[in-house]
Structures are given as C-alpha cells and as structure tokens.
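User: Please take a close look at one part of the structure shown below, namely the surroundings of the ligand. I would welcome a connected account, starting from individual atoms and ending with the chain as a whole.

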Amino acid sequence: MTSMMGFWAFSQTILYTIFPSELRFAFLKSFHKIFNFFTSFCYYDITEIDGVNTNELYNAVQLYLSSLAATSATSLSLNRGLNSSSITFSLSNNHRLVDSYNGVKVVWEHVITQRQTQTFSWRPLPEEKRVFILRAKNKDKIVVLGSYLDFVMEKAKDLRRKHQDRLLYTNSHGGSLDSRGHPWESVPFKHPSTFDTLAMDPLKKAEIMADILNFANGESFYQRTGRAWKRGYLLYGPPGTGKSSMIAAMANYLGYDIYDLELTEVNTNSELRKLLMKTSSKSIIVIEDIDCSINFTNRNKNGVGKIDYLPGSNRGENGGHTITLSGLLNFTDGLWSCCGNERIFVFTTNHVEKLDPALLRSGRMDMHIHMSYCSFSALKILFKNYLGCEDDQLDGVVLKELEGVIDEAEMTPADISEVLIKSWRNKDKAARELLETLKTRAKRNRMKPRKMNTNEDEDKELEKWALDSPIQD
Ligand SMILES: Nc1ncnc2c1ncn2[C@@H]1O[C@H](COP(=O)(O)OP(=O)(O)OP(=O)(O)O)[C@@H](O)[C@H]1O
Ligand SMILES: [Mg+2]
C-alpha cells in the first residue's frame with residue numbers, strides 16, 4: 001500500500017509539470033477510477049494443494065462452481081470419470097464466473113499454471129498448479145470471509161451427496177501417499193443394497209435405522225455432551241448373513257462414502273493415523289473380517305494385544321510391522337478419531353469369540369449387531385425382493401410349512417437367495433423348491449451330533465455378552 005501511495009504522489013508531480021489543466025483533470029479522473037478499481041478489491045487465492053495437504057476448500061469451490069458453471073459460464077471443461085455415471089463441469093483455465101450472495105457480488109477465476117520442475121522433494125507435486133482466485137469488494141470482506149465461504153462449503157457437501165456418485169475408498173498401497181497426497185484410492189460406489197432389500201428382523205432393522213439416523217442428525221447432541229461425533233458398529237455372524245450388505249445399505253441410506261480399510265496393508269500405527277486423517281467427514285470406515293487379517297489374541301504384559309499377521313496374510317513375522325491393538329483403538333476411539341466429524345466405524349467378523357475383549361468392551365463399539373440365519377420375517381423380505389410378491393400371494397400351506405422349518409434349517413439369506421433366484425419367474429415353484437431345500441437342511445441338522453463342550457459354552461456366553469452390549473448412548 002505504501003508503494004501505491006508513493007507512486008500516486010510521484011504521478012501527481014509529473015502530471016502538474018507536463019499536462020495543461022483541462023487535460024490534467026480528465027486524466028486524473030480516469031486515473032482515479034483505475035486506482036480505485038484496484039484498491040477497492042481484495043483477492044483470495046485458493047490453491048489445490050496447501051503445503052502437503054489437499055485443500056478441501058479448493059475441491060468444494062470446484063464442485064460449487066460446477067453447478068453454477070453449467071448454466072452461466074461460456075467456457076467449460078467437461079469430465080466424465082472412469083465408471084462414473086455423470087458428466088462434471090469445471091471452469092476452464094483463466095475463465096471467470098460471477099456469483100452473488102446476499103447482495104454481494106464476487107468473481108471467481110480459475111488459473112492453471114505449469115509448476116517449475118522440482119529439484120528435490122519428499123513428495124512429488126502434480127505438474128500443474130491450480131488456483132481459484134476469488135475477487136470481492138473490500139467492503140464485502142466480512143461477508144465473504146464470515147459466511148460466503150462457509151456457504152460454498154455447505155453447498156458443495158450437499159451437491160456431492162445429491163448428484164455425485166458416492167465413493168468407495170481403499171488403501172491398497174498401505175499408508176503411502178500418491179502425488180496428490182492421498183493414501184486412499186477411490187472408485188464410484190454403486191452397491192444396490194438398501195434397508196428395503198436387507199432381509200432381517202424388521203424390528204431390529206428399524207432400531208438400526210433409527211440409530212444411524214439419530215447419529216447423522218445429532219450434531220448438537222454430540223456438541224452438547226462433549227462427545228466426538230462418531231459411532232461404532234460391530235457386525236458379527238456367519239458368512240452370507242448380510243454384514244457387507246448392511247454396510248452398503250447404511251452408506252446408501254445416509255449418502256456417506258465408504259473407506260474400506262485393509263489392515264494387513266498397514267504397517268505402523270502412524271500409517272494408520274495418517275489414513276484416518278485423510279478420511280472425510282460423512283463417511284463409514286470399515287474393517288471387514290477383523291479376525292481374519294490379524295490376530296489380536298497375543299497379548300503383551302500390558303494386556304494390549306500386538307497384531308500378528310496370520311499365515312495367510314501377506315505380512316511376514318519379522319517384517320517390522322508394529323501396528324498394535326492400542327493403535328487400532330486409538331484410531332477408532334482416541335484423540336485421533338476426532339480429527340474430522342460425522343464418521344461411522346464398522347467392524348465385521350464371522351467369529352466374535354476370537355476378538356480381543358478390549359475391542360468389545362463397553363464404549364468401544366456402540367452397537368453390536370448379530371446378523372444371523374434367515375428367519376421367517378426375513379424370508380418375507382426375500383420373497384418380495386426375488387419373487388416380487390408379498391407372502392399372502394403364495395400358497396398358504398407351503399408358507400405354513402416354510403415357517404415351521406426355517407429356523408431349524410439354519411440357512412443364511414445368501415443361501416436362500418441362491419435357491420429363489422433359480423426359479424424367480426415362477427413364484428410358486430420357487431417357494432416349493434425352497435421348502436424342499438429347507439427340509440433337507442433341517443433333517444441334516446437334526447442328525448448332526450451337537451458338540452457340547454466347554455469351549456462352545458464359552459463361545460455362547462461371549463456371543464450373548466456381545467449381543468447384550470450397549471445399544472444406546
Ligand atoms: N440379510 C440379507 N438380506 C439380503 N440379501 C442378503 C442378506 N445376506 C446376504 N444376502 C445376499 O448374499 C450376498 C452375500 O452377502 P454379504 O456379502 O452381505 O454377506 P456377509 O455377511 O458380508 O458375508 P461374509 O461374512 O462372507 O463377508 C449378498 O450380495 C446378498 O445378495
Ligand atoms: Mg462381508
């Protein structure tokens with residue numbers, strides 16, 4: 001500003017010595033206009049990469065402008081991501097867009113420049129440097145910084161949930177970062193499972209739906225009670241009972257992204273933290289088959305399990321992998337779990353009895369959900385899904401028999417779907433075939449010798465405990 005004033009004084013001196021008075025006035029007037037034009041505006045740079053981190057505001061602005069650009073910009077870049085169902089717009093290089101908010105007019109410009117070749121860097125940066133420049137009048141500074149940018153962030157979040165494909169992230173290359181600073185790779189998430197298609201006890205389903213909805217709408221509750229805005233679910237039960245389908249249904253219901261954390265790819269607790277820091281809010285962080293990829297049972301003298309990689313996993317015994325159960329609990333529970341908001345953690349397992357009790361203890365996972373064999377009420381949902389009919393449209397006698405035998409048959413919804421899918425065009429035939437299969441399974445189960453040993457008793461005890469664990473805050 002001082003140099004501006006100096007330049008102003010200097011130009012006035014020149015003016016008085018060179019120009020006659022009439023010309024001087026006209027010149028001064030235009031000069032004043034130009035001078036005011038530049039000094040009455042403020043400019044904000046929003047760069048794509050801020051230091052080493054991706055700038056969330058940049059992504060939000062890009063999305064927000066894409067919705068404006070579609071109708072008002074004259075030059076657009078059109079993109080369609082691999083596997084994506086929709087085209088996205090973005091402002092072309094050096095193009096501008098005018099936006100107004102509460103009577104305040106702002107101008108956005110997108111500037112892309114080539115980055116100078118880097119001599120040395122811990123992490124290579126992308127070749128292009130991309131910046132959004134926001135211009136606003138000085139007098140509107142408070143509105144812009146106080147509420148306009150928050151408005152842009154909120155709008156972008158909504159747009160993303162409404163129009164963009166949700167994403168499924170995976171950490172297939174462990175915790176290492178790519179050139180844009182992401183440890184996660186993503187693909188569009190298009191799982192068709194919803195709570196409508198999920199076959200399970202309707203009361204239990206309603207309870208889970210209410211719980212996640214309460215969570216998603218509970219910002220003020222979490223703020224008031226001083227709790228981190230996160231919730232943990234443990235889904236356990238035999239294969240094919242719908243644990244993964246439940247996760248997909250949750251994501252579709254809330255419009256959240258999914259981070260599928262492959263724990264065997266993560267080497268250290270700090271890598272785990274890095275991964276957590278790079279997850280966005282409104283997401284579900286999933287660790288599937290937690291008992292299969294790692295073994296928590298090997299506790300050290302402090303009673304905290306150190307994770308041994310099982311023979312099937314791709315980690316050797318002496319590979320220098322130092323991830324611990326306390327690291328994992330810190331990830332879900334501790335201070336690090338609070339960087340970011342509105343996140344759901346889901347662990348799944350086929351063997352709840354193999355999990356370390358520290359993981360099951362009250363307060364760790366807020367809700368333990370037992371996904372079990374198909375019940376009669378769950379079967380009715382499968383009839384609707386696969387045969388397109390309500391149960392009262394089926395033969396009453398067959399239905400009664402199905403009800404009598406289904407619990408004893410102990411068949412998973414996945415197994416039952418396989419039977420129904422074979423004759424889905426003929427609903428009565430499909431129901432009859434299912435009845436035959438269920439009867440055969442029930443007979444086999446009746447003949448199977450029940451092993452009753454202390455281990456089984458313990459397992460049952462543990463399952464009961466897991467089932468009875470905390471359900472509400
Ligand atoms: N409860 C259910 N409701 C509707 N469909 C189901 C249900 N459970 C299983 N299925 C069907 O079976 C398939 C496999 O189920 P899913 O992958 O959800 O089981 P899972 O419990 O995650 O199994 P695993 O323990 O092997 O991971 C699903 O794609 C779906 O078609
Ligand atoms: Mg699964």
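**The site of ligand 1**

Analyst: An N or O atom in the side chain of Lys243 lies 2.7 Å from an oxygen atom of ligand 1. The model is a predicted one, and every distance here is computed from it. The side chain of Ser245 also takes part, with an N or O atom 2.6 Å from an oxygen atom of ligand 1. Ligand 1 on its own would expose 620 Å², of which the protein buries 73%.

The shell can then be described as a group. It has 14 residues, and those that come nearest to ligand 1 are Ala199, Lys243, Ser244, Ser245 and Asn350. By class, the shell consists of six nonpolar residues, seven polar ones and one charged one. Two helices, α7 (243–254) and α14 (413–422), each contribute at least two shell residues. Helix α7 gives the most, with three. In terms of domains, domain 3 (169–372) and domain 4 (376–447) each provide at least three residues of the shell.

Thr241 is located in the loop between β11 (230–236) and α7. Its relative accessible area is 2%, and since buried means under 20%, Thr241 is therefore classed as buried. A polar atom of the Thr241 side chain lies 2.7 Å from the backbone oxygen of Pro238. The side chain of Thr241 also reaches the backbone oxygen of Met371, at 3.5 Å. Leaving aside residues up to four places away in sequence, Thr241 touches Met371, Ser372, Tyr373, Thr412 and Pro413.

Finally, the chain as a whole gives the setting. Its secondary structure comprises 16 helices and 17 strands. The chain has 473 residues, and 41% of them count as buried. Among contacts with a separation of 6 or more, 69% join residues 24 or more positions apart.

Methods:
Residues numbered from 1 in each chain as written. Chains lettered and ligands numbered in written order. Predicted model: local features only at pLDDT ≥ 70, side-chain atom pairs only at ≥ 80, totals over all residues. Heavy atoms only, no water. Near = heavy atom within 4 Å. Polar contact = N/O pair within 3.5 Å; in protein donor to acceptor, adjacent residues only side chain to side chain. Areas by Shrake-Rupley, 256 points an atom, 1.4 Å probe, with all protein chains shown as cover. Helix = DSSP H or I, 4+ residues; strand = E, 2+ residues; numbered from the N terminus. Nonpolar A, V, L, I, M, F, W, Y, C, P; charged D, E, K, R; others polar. Domains from an automatic or database assignment. Buried < 20%, exposed > 50% of the residue type's maximum accessible area, 1.4 Å probe, protein only. Contact = heavy atoms within 4.5 Å.
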